[in-house]
Amino acid sequence: MRLLLVEDDGMIAETVLESMRREGYAIDWAQDGRAAELSLGNGVYDLVLLDLGLPRKDGFDLLRGYRRQGGEAPVIILTARDAVNDRIRGLDAGADDYLIKPFDLDELAARARALLRRRIGQKQPVYTHGELTLDPAAHEVTKGGVRLALVPREFALLQALIEEPARVFTRAELEDKLYGWGEEVGSNTIEVHVHSLRRKIGAEQVVTVRGVGYRLKRRE
Amino acid sequence: MRSIRRWLLGWLICGLAAASGIAAFGIFHTAREEASELFDYELRTVALSLPSNVEAAETVEREDAQAGGISDDRILIEIWDKAGTLVYHSRESAVLARLPAGIRTIRRGEGHWRVFGLQQPDRFVQVAQPVSVREALALRLALHTLWPLGVFMPVTIVLVLLVVARGLAPIGGLSRLLATRSLDSLDSLEPLRLDGKVPIEVRPLVEALNDLLARLNVASQAHRTFIADAAHELRSPLAALKLQLQAATKNGTLKDDGQTLERIDTRLNRVIRLVQQLLTLAREDAQPASEGTSVSLRRIGEQAVSDFSLLADEKQIDLGLEFQQPVTQEEACNVLADPQGLGVLLNNLIDNAIRYTPQGGKVDVVLTRTADRMGFEVVDSGPGIPEEELERVLDRFYRGEHTKGTGSGLGLAIAARIAQRQQLTLSLRNNVDAGGLTVSVSGFIRAAERVPATHG
């Protein structure tokens, strides 16, 4: 795996380089827009970490040029610009993800992993959350290594929750995930499924957010 | 204070009155003199036109008396013959002695007489008239010439009032235009429009004002940009610092009992948050008042509660969304608002509530509705705010005297600013029975309720 970091701030670059190397990636550093353009021309990179405010060539222009020339590596924008418009502009220019400074090193590593996984086609990873694991391909759920027998709706429910463990899902969103268009949904169906799922994986695993919906238990 | 209007009115009206007075005096005197000359001429005419024989003179006088001519003017006629005997006099009572020929005024008894003597070949004719009669007649004539002036004065005063009011109208308009500018809206520093309606006398004033406004605007812009730029520039070094601290902690370059590093990290996060809040505030300050689109208040509430769910969980705070009658859980609660600002507003309130609520406490986001407006409240079970500080906590950088939390002192100020920008009412009150603080935001205009898509 070869990564390119485009960042003019030496202090930030240094830490990101070191941390990504520790994660086991080969990572190069381009300090300005021109240098980055040259490096990207090689076409050897699997992932690009891109700062927007660059000397000599703006990050947006660089990204647009790269995509126009057929560059396919996923790009994560790292920037201090957090206005929604900038975000939209960045994603429209062809970025795959957008991280705002100051960001967390672990988060950067996680997002890089997710993008690289998608790139090599491993679309369905095995999700783990605390003691729980869920393998979508094998359709298997374990808790503390023990296999649990879930009915399809319970499995779909847990999959939805575990894919985005920090997110709170409203009942309506879960209904959309569990039922197709035109399927009859009773008024408290989601509650019923949550109840039966809790019985199997442990009541504490699914947290009720008052007035909103459900999410998974916070990871310790 | 001096009033241009009063000054103009005072001088114009007094000046006109004085001028009219002098004119009236002049006209009156001229008229009287002319009348006097006219009477002299009448006397002369009467004397000259008397028939040569006395009987005929009597007839003339009688006819004239019937017609109300000579006797009305109380003209006395006397005739002497060559020998100097008085052969005729028109009235018994008043008899004047014979005087030399020519015109003169004499005094006799009570009154004055105007006398005209005429030497004719065979007799001497003397015609006289009391001055009092002449005066009375002259006065009447002179007064008659004054009536146009009497009409002229009131008409002129009304005209002056109208013209002055009209002439000063542009100045009044200018003051009103400036007064109606709200302090807060972004156009408060926009230049005044200089169109064809602005009179050339007021134009320099408007131009000077515009110049001042423009300079103020530049200063205010510079102030805003400075905060935004400073916050933005602080971000990169802070990001680097945070990353380095994180990396150093991880790879073991920095070693201690764990507490110092943790404390540094906490402090660093606080500074990062402060910078973030400054940037948010600068951005909100730069935003003009917004029209708003239809957004679901329930959706915004759900989103905000979801975003803070894990943070609340960490502090073992029970965070939830509630619906106060008559709002029901099925309602979308659509309102007209700026969804982005609303999100920031609610996030700041929830963040604040969680910060100041102790472990095991409770924070509720409550959707409310009155007759035609919607609103929400963020209710916490924290210590509340002393009554005397309730007003001040909305000030920028104000942090309560006894607060222990890690706030930036900007959260509520940002919320207040957003509320103000969207014409909402933000108010704080301490909960009466359970303790804790309620921040209520109200005044949302309801938008049409869209029927949510149902399944099946």
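Start by selecting L3(A): its bridge partner in β3(A) is L47(A). Keep in mind as you look around that this is a predicted model.

**Stop 1: the parallel sheet of chain A**

Now widen the selection to the two strands that hold this pair. They are β1, residues 2-6 of chain A, and β3, residues 47-51 of chain A, and they pair in the parallel sense over 4 bridges. Next, bring in the rest of the sheet. There are 5 strands in this open sheet of chain A, in the order β2-β1-β3-β4-β5, with parallel pairing.

Which strands stand at the edges? Select 26-30 and 97-100 of chain A: these are β2 and β5. Each has a single partner strand, so one side of each is left without a neighbour in the sheet.

**Stop 2**

Select K101(A) and P102(A). The peptide bond from K101(A) to P102(A) is cis, with omega near -5 degrees. You will find P102(A) in the loop between β5 and α5 of chain A.

Then go to R56(A), in the loop between β3 and α3 (59-68) of chain A. Its phi is near 75 degrees, a positive value in a residue other than glycine. Is R56(A) buried, exposed or partly exposed? There are 13 C-beta neighbours inside 10 Å, so R56(A) counts as partly exposed.

**Stop 3: another positive phi**

Select H139(A), in the loop between β7 (132-135) and β8 (140-143) of chain A. H139(A) is not a glycine, yet its phi is positive, at about 55 degrees. Because H139(A) has 11 C-beta neighbours inside 10 Å, it counts as exposed.

**Stop 4: the antiparallel sheet of chain A**

Here is an open sheet of 3 strands, in the order β10-β12-β11 of chain A, with antiparallel pairing. Select 169-170 for β10 and 206-209 for β11: these are the edge strands, and each pairs on one side only.

Look at one side of β12(A) and then the other. β10(A) pairs with β12 (residues 213-216) of chain A in the antiparallel sense over 2 bridges. F169(A) has Y214(A) as its bridge partner in β12(A), and T170(A) stands opposite G213(A).

How many bridges join β11(A) and β12(A)? They pair in the antiparallel sense over 4 bridges. To see one opposite pair, select V206(A) together with L216(A) of β12(A). These two strands form a hairpin with 3 residues between them. Click on G211(A) in the turn, where phi is positive at about 80 degrees.

**Stop 5: where the chains touch**

Show both chains. In the contact, 29 residues of chain A meet 27 residues of chain B. Colour by class, and the side of chain A that touches chain B has 13 nonpolar, 5 polar and 11 charged residues.

**Stop 6: chain B**

Move on to chain B, whose secondary structure comes to 8 helices and 12 strands. Of its 456 residues, 25% count as buried. Among contacts in chain B between residues at least 6 apart in sequence, 67% join residues at least 24 apart.

Select helix α4 (residues 203-251) and helix α5 (residues 259-286) of chain B. Their axes come within 9 Å and cross at roughly 155 degrees. α4(B) and α5(B) are therefore roughly antiparallel to each other, and their crossing is left-handed. The residues of this helix contact divide into 17 nonpolar, 2 polar and 6 charged.

Finish at Q325(B) and P326(B), which are joined by a cis peptide bond with omega about 5 degrees. P326(B) sits in the loop between β7 (318-323) and β8 (334-337) of chain B.

Key:
Residues numbered from 1 in each chain as written. Chains lettered and ligands numbered in written order. Predicted model: local features only at pLDDT ≥ 70, side-chain atom pairs only at ≥ 80, totals over all residues. Contact = placed C-beta atoms within 7 Å. Nonpolar A, V, L, I, M, F, W, Y, C, P; charged D, E, K, R; others polar. Pairing = 2+ DSSP bridges. Buried ≥ 20, exposed ≤ 12 C-beta atoms within 10 Å, placed from the backbone. Axes fitted to C-alpha atoms, helices over the stretch in contact; angles between N-to-C directions. Parallel < 35°, antiparallel > 145°, perpendicular 65-115°, else oblique. Left-handed = near helix turned anticlockwise from the far one by under 90°.
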